[in-house]
Amino acid sequence: MLTHVVFFKLKDRSPEAVEVTANVLRNMEGKIEVLRYIEVGLDVLHSERSYDIALITKFDSLADLGVYDVHPLHMEVKAHMKQVLDGTSVCVDFES
């Protein structure tokens, strides 16, 4: 199992804007065959070092992560993220 964790910091950190983007991410659930698990977490501390959203996804293999990366729905999500991100996202990928 491959776990893919991504942290996002948004330009607009208002609760409403964060929720809109969280819903864009949640919308992938059940719609991408290789996506075995998805969890979207919203930051509750709101410190200067905090990111706004954490995305945790799981795949059967690194190859499946590659399929997900170019899936049309994920491409739409990446386009949305490009518009709302304050800089770049950070990620960690690990086998479990």
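1. Let me begin with how the chain is connected. In this predicted model, 70% of the contacts in the protein with a separation of 6 or more are made by residues 24 or more positions apart.

2. Now for the overall layout. You will find three helices and four strands in the protein, and reading along the sequence gives the pattern β-α-β-β-α-α-β. The radius of gyration is 13 Å, close to the 12 Å that the globule rule gives for 96 residues, so the protein is as compact as a globular protein of that length. Along the principal axes, a box of roughly 35 × 25 × 20 Å holds the C-alpha atoms.

3. About 5900 Å² of the protein is accessible surface, and carbon and sulfur atoms hold 57% of that. Of the 96 residues, 35% count as buried.

4. Which residues touch the most other members of the largest nonpolar core? They are Phe8, Leu25, Met28, Ile53, Leu55 and Tyr68, out of 22 residues in that core. At least two core residues come from each of strand S1 (2–8), helix H1 (15–26), strand S2 (37–42), strand S3 (53–59), H2 and H3. As background, nonpolar side chains in soluble globular proteins tend to be buried together.

5. Leu25 deserves a click of its own. Once its neighbours within four places in sequence are set aside, Leu25 is in contact with Phe8, Ile38, Val40, Ile53, Leu55, Val77 and Met81. Two of these partners, Ile38 and Val40, fall within strand S2 (37–42), while Val77 and Met81 fall within helix H3 (residues 72–84).

6. Please look at the pair of helices H2 (residues 62–70) and H3 (residues 72–84) as well. Their axes are 5 Å apart, and the two helices pack at an angle of about 65°. On the H2 side the contact uses Tyr68, Asp69 and Val70, which meet Pro72, His74, Met75 and Lys78 of H3. By type, the residues of this contact are four nonpolar, one polar and two charged.

7. Finally, is Gly30 buried or exposed? Its relative accessible area is 76%, and the cut-off for exposed is over 50%, so Gly30 is exposed. This glycine sits in the loop between H1 and S2. Gly30 and Ser14 are 16 residues apart in sequence, and their C-alpha atoms are 28 Å apart in space.

Note on methods: Residues numbered from 1 in each chain as written. Predicted model: local features only at pLDDT ≥ 70, side-chain atom pairs only at ≥ 80, totals over all residues. Heavy atoms only, no water. Axes fitted to C-alpha atoms, helices over the stretch in contact; angles between N-to-C directions. Contact = heavy atoms within 4.5 Å. Nonpolar A, V, L, I, M, F, W, Y, C, P; charged D, E, K, R; others polar. Rg over C-alpha atoms; globule rule 2.2 N^0.38 Å. Buried < 20%, exposed > 50% of the residue type's maximum accessible area, 1.4 Å probe, protein only. Areas by Shrake-Rupley, 256 points an atom, 1.4 Å probe, with all protein chains shown as cover. Core = buried A, V, L, I, M, F, W, Y, C linked by side-chain atoms within 4.5 Å.
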